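The sequence and structure come next.

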Amino acid sequence: MITQFVEELPEGKSTPDFTRKPIALTIQEGKTAVFKAKVTGNPPPTVTWSRANGEIHYHPDVCLQKYDEASYENTLQFPKVSPEDADTYKCFATNEYGKAVCTVLLNVIEVGFSRTKELQKTQGGDIADYRKKLKKRNADGVREEKAMEPEEKVWEILLSADKKDYERICAEYGIKDFRGMLKKLSEMKKEREEEIAGFISQISALKHIDVKEENCATIELDMDLKDPSSKIFLYKDGVMVPFTVEESESMKHSLKQVGKKYVFTIKNLGTDDAGLYSVDVEGVNVFSTEFKVPEVDFAVKIQEVKALEREDSLFQCVLTAPMNDIKWFGKNAPLSNSEKHEITVSEDKLIHKLIVRDCLPLDAGIYAAVAGIKSCNAWLVVEADRDPANKGKKASRKTTIAGGGNTEDLMRIAKDQKERYDKEMAEKMENAKKAQVEKEAAAAAAWAQAQAAKKAAEEAKAIAKAAAKMTAKSKRSADEKTGAMQKSKNKERRKEAGAAAHGGSDAVAAIAGSATGLEYFVEEEEKEEESHSNEDSDIENEGQEGKGGKGAEAVREEKGEGYGEGKKLVIEDSLVPDTEIGKKFKDYTQFTTI
């Protein structure tokens, strides 16, 4: 589709059009996918891409946009396509006279049913963990009083960062999986949007921390609170910062509200003000911005410039450390490169210049330069043309430049500053290397100490184990010795009982049978393995041993008991010793049949 912006095209001009349109792709996960397009138009159109769901994140690991000057091809390349890249894409070719659009589809075939699901589960758990860390608050919505961990800090920064800063932030905080970061961040943003919707109808115009010329910095955002009485909190690196609702000389931080616009101000800036500033509403983080304070100052500040009407004026300064750019202000308004203002910087990034073209009386005022948290300012004085001959006429344009000072002096100062800066950086690098070596040495010493402690603990454990084994062995040896002695005594008693019973009366035989039966019971208590049938046999054998092979039978005949008839074995109480084992023997003979 082609859209023309003007009714009639100037001669030789044309609206954009596609000479080659990108074609739809169906590709396997992990492969490279490339859309190619060729466009024409005069002037040459600018080519951009978009997707239907979400945004395109340009990163070497995710997506790249290129232009081949040899083939005139505009390409959108996915180095390793993933299921999340599947979408409808649009290619736009635009110039000042019109716009051409074409649509193309990217389908991705997933490899393996579990890979993506398992990844999503893992990431889901990680996201929940990160959100829990970010949501550690008390019952009143106030965050816990503790400094933020680097892992918490980087995700809060990413939640409010511009897309163009993602790569820099990931590099700074050591995040290597850029695609994985985008997935986690997308889920976290959805969750935060739902939380914010509970307290805020609309939030917009979020402005990251900005240093002003008055030695102060501001954080701005537009919020439409559902409840105007909702509590608003300001934190620095996770720690609450007290502030006033109106500017105060005694308070460093203040909040000013004008309608739906909220402006936090930090005054009297210093290096300690660096950190991550977060704005929360009723316990929900709505915006965060990181404030970095570079170590830089002005070696040469800008000076007052007096210029004639229609003459150019030049402000210039020299920094103590290189900076790609500094901020310029004219009469409290930020300045940028335009037909009126020209901003330049030297190759060594130390000399910064501002040229005000074609000065008029209305350009007069205070101009300021801001580097980091340092600033300097000076007047621009414009002298009106007082020549009566030119009264009522526009003065002629002058080619001279007012101000600027001695260029050679500035170059010399800048050279000295560069040498000093390089020397300081070399010293810092050397100190950093020493600190790293010391850190590694301390870590190695701590590891060695831990290993030594672990080894000592293992040795102590082994010694204790060996001592326990020796003690157990000694105890077993002593128990065996005691048992052997006891068995020897019992054997002697049996011999004595047998000798006393030999050749005696039936009563003596009964006593002998009882004695041998008692000894048998003692042995049965120790073994606990024999059956009742074996008990009868043992008693009879013991009786035979005690009285010439007739002891047990004599007892049975005397009591009128037959062998194997199921009758109780009854022994007179007087024949059993009054001991603990004797009591057990009584109970046993009273309820045991033979």
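## Helix H3

Among what covers the buried residues of helix H3 are helix H2 (150-160) and helix H4 (178-197). Helices are DSSP runs of H or I with at least four residues, strands are E runs of at least two, and both are numbered from the N terminus. The buried residues of H3 (residues 166-173) are Tyr166, Ile169 and Cys170. Seen down the helix axis, they fall within an arc of 100 degrees, so they line one face of H3; the arc is that of the directions from the axis to the C-beta atoms. Buried means under 20% relative accessible area, exposed over 50%, and partly exposed in between (1.4 Å probe, protein chains only).

The model is predicted: local features need pLDDT of at least 70, side-chain atom pairs count only at pLDDT 80 or more, and totals for chains, interfaces and linings use all residues. Residues are numbered from 1 along each chain as its sequence is written, and side-chain values use heavy atoms, leaving out hydrogens and water.

## Aromatic rings

Phe35, Trp49, Phe78 and Tyr89 form one aromatic cluster. Rings of Phe, Tyr and Trp (its six-membered ring) pair if their centres lie within 6.5 Å; planes under 30 degrees apart count as stacked, over 60 as edge-to-face and the rest as tilted.

Phe35 is buried, with a relative accessible area of 1%. The ring centres of Phe35 and Tyr89 are 5.8 Å apart and the planes stand at 50 degrees, so this pair is tilted.

## Lys418

Lys418 is in helix H5 (residues 407-501) and is partly exposed, at 37% relative accessible area. Leaving aside residues up to four places away in sequence, Lys418 touches Asp348 and Leu350; contact means heavy atoms within 4.5 Å.
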